Every structure is written in C-alpha cells, then in structure tokens.
Amino acid sequence: MRRFSVRWAVPVLAGVALLVAGCDSPPEAEKKAADAAIAAAKSAGADKYAASAYKAVTDLQKQAESFLGDKKYKEAKAAYERATGLAADAGKAAVAGKAAMQAEVEKGIAAAEAAWAGLDKQAQASMKKMKPDMKKAWEDDSKAAAAGLKAAKDALATSPADAKDKLASVLGTIEKWSKELAAMMPRVSS
C-alpha cells in the first residue's frame, strides 16, 4: 500500500510544482498579446475616435506593468488579458466612431458650403459699400475658406478628425463674416 501512494505522490507533487512555478513566471505571452492588441486599436484610430475606451485600456496596461514590476504575476496576467479584450473593444469602437464622425463632418461641409454661398451673395451685394481694407479681408478670407473646405473634403476619407479640425476653421470664418455683413446691412439699405 505504501509503494502505491508514493508512486502517485511523486507525479502529483511534480505537477503541483510545475503549476506553482508557472504562476511565478512573468506573463510574457499575455503582455505581448496585450501590446499587439493595443497597437492595433491605436492604428484603428481608437486614440481619436474612441478616446475614453483607449484611455481605459492604456491605463489598464500601465496597471499591468506596475503589477509586473512588483512581481505580482497573477495580477499582471489578469490585467494583460483584460487589456487585450478592452483593446479589441476600443478598436471596434474606433471604427464606429470614425464612421459617425465622417457622416457628421460630411453634413457640416455641406452646411458650410451653403452658408458660404449665402455670405458670398451678401458680400457681393455689399461690395460697393465696403471699405478697401474690408474688401481685402473678405477676399483673403474667401480664399482661405475655399481652401479650408477643400482641405476638409480631402482629409475626410483618411482622417475625419483632421477634416473636422479644418472645418472648424471655416466655420469660424463664416461666423465672423455673418456678423460683419449683418452689421453692414443697415448701412447698405440706407
């Protein structure tokens, strides 16, 4: 009876020793998987189009690094595994966020073009009443607005976030001239 139990005890103890040793080693595979997933999420644009999800995953990655530094390998492994999943979710959210922003910017460009066309008609009607410095400012801003709208359209396919920034500049110019031309209207009609 004694031999039988010793014969089984040695392999069981060896297996337990391997499991314990496995828990005491750094989670290299999980770290690599998390790093790759986070890089993929960033290349999908998660830092721009799913910023809160991307921040959450990078914060978790930092926490895992901290666990790794403190030799808390079990916690590090769990954090890396969770970061891998969150990075995949952030990548998916980035794709959806990019599509939504693209649609929003497309509408914004169309509205800006229509608004600028209306302002151009107003400016042309008011041109005789404009002072030379105001005419020059209008011409400069008109060229800049046209260039800004073209740049926004060009950037739209590759980077809706950049297109949105370019459109914001044009919208600022539209707002400025809407006020300028509205202030001139009473003077034009008198």
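Q: What makes a residue buried, partly exposed or exposed?
A: A residue is buried under 20% relative accessible area, exposed over 50%, and partly exposed in between. The model considered here is a predicted one.

Q: Why is K136 called partly exposed?
A: The relative accessibility of K136 is 47%.

Q: What makes the pair K136 and D140 a salt bridge?
A: The closest N and O atoms of K136 and D140 are 3.1 Å apart. A salt bridge requires a side-chain nitrogen of Lys or Arg within 4 Å of a carboxyl oxygen of Asp or Glu, so the pair qualifies. Both residues lie in helix α6 (residues 132–156), four residues apart, about one turn of the helix. D140 has a relative accessible area of 35%, and is therefore partly exposed.

Q: Why can such side chains pair?
A: Side chains of opposite charge can pair when their charged atoms come close.

Q: How many salt bridges does the structure hold?
A: There are ten salt bridges in the structure. One further example joins K164 and E104, at 3.4 Å from N to O. This pair links distant parts of the chain, with K164 in helix α7 (residues 160–189) and E104 in helix α5, 60 residues apart. K164 has a relative accessibility of 36%, so K164 counts as partly exposed. E104, at 46%, counts as partly exposed as well.

Q: Why is E30 called buried?
A: E30 has a relative accessibility of 19%. The limit for buried is under 20%, so E30 counts as buried.

Q: With which residue does E30 form a salt bridge, and what is the distance?
A: E30 forms a salt bridge with K77, and their closest N and O atoms are 3.8 Å apart. E30 is in helix α2 and K77 in helix α5, 47 residues apart, so that the pair links distant parts of the chain. K77 is at 36% relative accessibility and therefore counts as partly exposed.

Q: What makes α2 roughly parallel to α5?
A: The axes of helix α2 (residues 28–43) and α5 come within 8 Å and cross at roughly 20°. Angles under 35 degrees count as roughly parallel, which makes α2 roughly parallel to α5. The contact between α2 and α5 has nine nonpolar, two polar and four charged residues. Among the residues that meet are A33, A37 and I38 in α2, and Y80, T84 and G91 in α5.

Q: Why is K71 called exposed?
A: K71 has a relative accessible area of 61%. Exposed means over 50%, and therefore K71 is exposed. K71 is found in the loop between α4 (51–69) and α5. Its phi is near 60°, a positive value in a residue other than glycine.

Q: Why is A93 called partly exposed?
A: The relative accessible area of A93 is 31%. This value is between the limits of 20% and 50%, so A93 is partly exposed. A93 is placed in helix α5 (residues 73–126). Not counting residues up to four places away in sequence, A93 touches Y49 and A50.

Key. Residues numbered from 1 in each chain as written. Predicted model: local features only at pLDDT ≥ 70, side-chain atom pairs only at ≥ 80, totals over all residues. Heavy atoms only, no water. Helix = DSSP H or I, 4+ residues; strand = E, 2+ residues; numbered from the N terminus. Buried < 20%, exposed > 50% of the residue type's maximum accessible area, 1.4 Å probe, protein only. Contact = heavy atoms within 4.5 Å. Axes fitted to C-alpha atoms, helices over the stretch in contact; angles between N-to-C directions. Parallel < 35°, antiparallel > 145°, perpendicular 65-115°, else oblique. Nonpolar A, V, L, I, M, F, W, Y, C, P; charged D, E, K, R; others polar.
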